[in-house]
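Here is a short briefing to read alongside the model. Have the viewer open and follow the strands, the helix and the rings in turn.

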Amino acid sequence: MATLLIVHHTPSPNCQAMFEAVVSGATDPEIEDVRVVRVPALSATVSDVLAADGYLLGTPANLGYMSGALKHFFDQVYYPCLDATRGRSFGYYVHGGNDVTGAVRGIESITTGLGWRRAAAAVTVTGEPGKDDIGKCWELGATVAAGLMG
């Protein structure tokens, strides 16, 4: 059975709505043989990353960058996971008040360095997520999870 690790920092109702939609998509009953593990960014470990076959990352854009929690996650796992996780699939979503450019750039840079392969388009939202945004989050979760099916 494949494992999808969702690493998230979810400090606001908007981030929570996006996170719940991603989890709902990833755990859709049509997706078989994929275990979904949800871990807050400040609690995720090297062992969590090494045990997973793919990743979904979620963060707010804070002060023009990803959250400190997600950056801390990357700082902790980057070198210990660098060679062992190369080529694994991932996806991500970012919520911001008015701009997510720096957060997207940071995530893209770090995941490129890790050699991870983006399995779906990123979902970026500024302001309150609408119905279409929530649908894109669901689709993100489902797409990344389905890509891990046997």
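β1 is covered on both faces: A2, L4, I6 and H8 are buried on one side, and T3, L5 and V7 on the other. Buried here means under 20% relative accessible area, exposed over 50% and partly exposed in between, with a 1.4 Å probe and protein chains only. This is a predicted model, where local features need pLDDT of at least 70 and side-chain atom pairs pLDDT 80 or more, while totals for chains, interfaces and linings use all residues. Residues are numbered from 1 along each chain as its sequence is written, and side-chain values use heavy atoms, leaving out hydrogens and water.

- Seven of the seven residues of β1 are buried, so the strand is largely enclosed by the rest of the structure. Strands (E, at least two residues) and helices (H or I, at least four) are DSSP runs, numbered from the N terminus.
- In a regular strand, side chains alternate between the two faces of the sheet.
- β1 runs parallel to β2 (residues 34-40), joined by seven bridges; strands pair if DSSP finds at least two bridges between them.
- T3 sits opposite R35 in β2.
- With β3, β1 pairs in the parallel sense over five bridges, and V7 stands opposite L57 there.

**The largest nonpolar core**
- Such a core is a set of buried Ala, Val, Leu, Ile, Met, Phe, Trp, Tyr and Cys residues joined through side-chain atoms within 4.5 Å.
- The largest has 27 residues, and V7, V49, L57, L70, F73, F74 and W116 touch the most other members.
- α3 gives the largest share of this core, six residues.

**Helix α3**
- α3 (residues 68-81) has 14 residues and reaches 19 Å from first to last C-alpha, close to the expected 20 Å; the expected span is 1.5 Å times one less than the number of residues.
- Its buried residues include A69, L70, F73, F74, V77 and C81.

**Aromatic rings**
- Rings of Phe, Tyr and Trp (its six-membered ring) pair if their centres lie within 6.5 Å; planes under 30 degrees apart count as stacked, over 60 as edge-to-face and the rest as tilted.
- There are six aromatic pairs by this rule. In one of them, Y55 and W116 have ring centres 4.2 Å apart and planes at 15 degrees, so the pair is stacked.
- F90 and W116, with centres 6.0 Å apart and planes at 50 degrees, form a tilted pair.
- Both F90 and W116 are buried.
- Ring pairs link Y55, F73, F74, F90, Y92 and W116 into a cluster.
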